[in-house]
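Subject: Structure handover

Hello,

Here is the structure we spoke about. Please load it before reading on.

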Amino acid sequence: IGGTLRGSIDHYSDGRRAVIGTNIKYAPYVELGTSRRPPHAYLKPAVALHIDEYRRIVKDELKG
């Protein structure tokens, strides 16, 4: 993915949930593709690559 999109990816947590994403308007078209362009997924593969880490973080947070 390009530098603008890559640099815009951010996250936040409100104590009950965590959100990872971007506010770049064309991001969904890159991730999911269009009728003219194939998808170039970047968020789903990143989540899949780090899912064990995310589960550990959630488990640790729930223990309090």
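Below are notes on the pocket, the hairpin and the salt bridges.

This is a predicted model: local features need pLDDT of at least 70, side-chain atom pairs count only at pLDDT 80 or more, and totals for chains, interfaces and linings use all residues. Numbering runs from 1 along each chain as its sequence is written, and side-chain values use heavy atoms, without hydrogens or water.

Pocket. The largest pocket holds about 490 Å³ of space. (A pocket is an open set of points on a 1 Å grid over the protein atoms alone, where a 1.4 Å probe fits, with protein on both sides within 12 Å along at least five of seven lines; lining residues have an atom within 4 Å of a point.) Its lining has 15 residues; Ser13, Arg17, Ala18, Ile57 and Val58 lie nearest the centre. Two or more residues each come from β1 (10-13), β2 (18-21) and α4 (51-63). Helices (H or I, at least four residues) and strands (E, at least two) are DSSP runs, numbered from the N terminus. α4 gives the largest share, five residues.

β1 and β2 run antiparallel, joined by four bridges. (Strands pair if DSSP finds at least two bridges between them.) Ser13 has Ala18 in β2 as its bridge partner. Four residues separate the strands, and Gly15 in the turn has a positive phi of about 90 degrees.

Salt bridges. There are two. (Cut-off: a side-chain nitrogen of Lys or Arg within 4 Å of a carboxyl oxygen of Asp or Glu.) Arg55 meets Asp52 at 3.9 Å, N to O. Arg56 meets Asp60 at 3.4 Å, N to O. Arg56 and Asp60 sit four residues apart in α4, about one turn of the helix.

Best wishes

Definitions and conventions: Points joined across faces, edges and corners; volume = space filled by probe spheres on them.
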